[in-house]
Amino acid sequence: MIWFRRKDAAGLDAPRAAGGRVARDRDVSNNEVFGRWTEGIARGMGTPWFLLLLSAFCLAWLVWNTVAPEAWRFDSAALGFTALTLILSLQASYAAPMILLAQNRQDDRDRVQIEQDRQRAERNLADTEFLAREVVALRLAIKDLPDRDFVRTELRALLAELAAEEESDDDATGDAGRADAR
């Protein structure tokens, strides 16, 4: 006899609903929201405005509990303003972990940024080395190319050869023409 059975439980042979996966994703997003919230608080605690407002709050507390009529006071100066001390201790006990959480999250972001910078630097180095090899290859290829003076001397030599062939052709045709005329 089954004493307890969930409504959505179909048995061991049936696959579970996708709720477990969604719940984990929701937890991750809730952690992210909480992390952003704590970073905002930690960022706010590091401002001059927070220090001014906290100082004004403490000053108002002390003045009220010192100057106000005895019936209106809620924290005794004779006991060292115990309630104010407890409130400030509570604030400090929550502030320290929030600041540490914000620092840990910032460290994680910095670690990711450093890794991305390292990968980018490696790619830049590889690209620079590739370009340096290409420049060297181009220099070697240009070194093997003929310069202007070489091309001019070759062209002059070819023109001289053509002129010599033309003269020999003219002489050959001229001699053949004379032979035909006889």
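**Exercise 1. State what share of the contacts in the protein with a separation of 6 or more joins residues 24 or more positions apart, and describe the overall make-up of the chain.**

Solution.
Step 1. Among contacts with a separation of 6 or more, 51% are between residues 24 or more positions apart. The model examined here is a predicted one.
Step 2. Counting the elements gives four helices and zero strands.
Step 3. Written in sequence order, the pattern is α-α-α-α.

**Exercise 2. Find what percentage of the residues is buried, and how much accessible surface the protein has.**

Solution.
Step 1. The protein has 182 residues, and 9% of them are buried.
Step 2. Its accessible surface is about 15800 Å².
Step 3. Carbon and sulfur atoms supply 63% of that surface.

**Exercise 3. Determine how helices H2 and H3 are oriented to each other, and which residues make their contact.**

Solution.
Step 1. A pair of packed helices is described by the angle between the axes and the distance between them.
Step 2. Helix H2 covers residues 48–67 and helix H3 covers residues 82–144. Their axes come within 11 Å and cross at roughly 160°.
Step 3. Angles over 145 degrees count as roughly antiparallel. H2 and H3 are therefore roughly antiparallel to each other.
Step 4. The handedness of the crossing of H2 and H3 is right-handed.
Step 5. On the H2 side, the contact is made by Phe50, Leu54, Phe57, Cys58, Trp61 and Leu62. On the H3 side, Ala83, Leu84, Ile87, Leu88 and Gln91 take part.
Step 6. Sorted by kind, the residues of this contact are ten nonpolar, one polar and no charged.

**Exercise 4. Locate Phe81, decide whether Phe81 is buried or exposed, and give its phi.**

Solution.
Step 1. Phe81 lies in the loop between H2 and H3.
Step 2. The phi of Phe81 is positive, about 50°, although this residue is not a glycine.
Step 3. A residue under 20% relative accessible area is buried. Phe81 has 14% relative accessibility, so Phe81 counts as buried.

**Exercise 5. Say which helix holds Thr38, whether Thr38 is buried or exposed, and which residues Thr38 touches, not counting those up to four places away in sequence.**

Solution.
Step 1. Thr38 belongs to helix H1, residues 19–45.
Step 2. The relative accessible area of Thr38 is 0%, so Thr38 is buried.
Step 3. Leaving out residues up to four places away in sequence, Thr38 touches Met98 and Leu101.

How values were computed: Residues numbered from 1 in each chain as written. Predicted model: local features only at pLDDT ≥ 70, side-chain atom pairs only at ≥ 80, totals over all residues. Heavy atoms only, no water. Axes fitted to C-alpha atoms, helices over the stretch in contact; angles between N-to-C directions. Helix = DSSP H or I, 4+ residues; strand = E, 2+ residues; numbered from the N terminus. Parallel < 35°, antiparallel > 145°, perpendicular 65-115°, else oblique. Left-handed = near helix turned anticlockwise from the far one by under 90°. Contact = heavy atoms within 4.5 Å. Nonpolar A, V, L, I, M, F, W, Y, C, P; charged D, E, K, R; others polar. Buried < 20%, exposed > 50% of the residue type's maximum accessible area, 1.4 Å probe, protein only. Areas by Shrake-Rupley, 256 points an atom, 1.4 Å probe, with all protein chains shown as cover.
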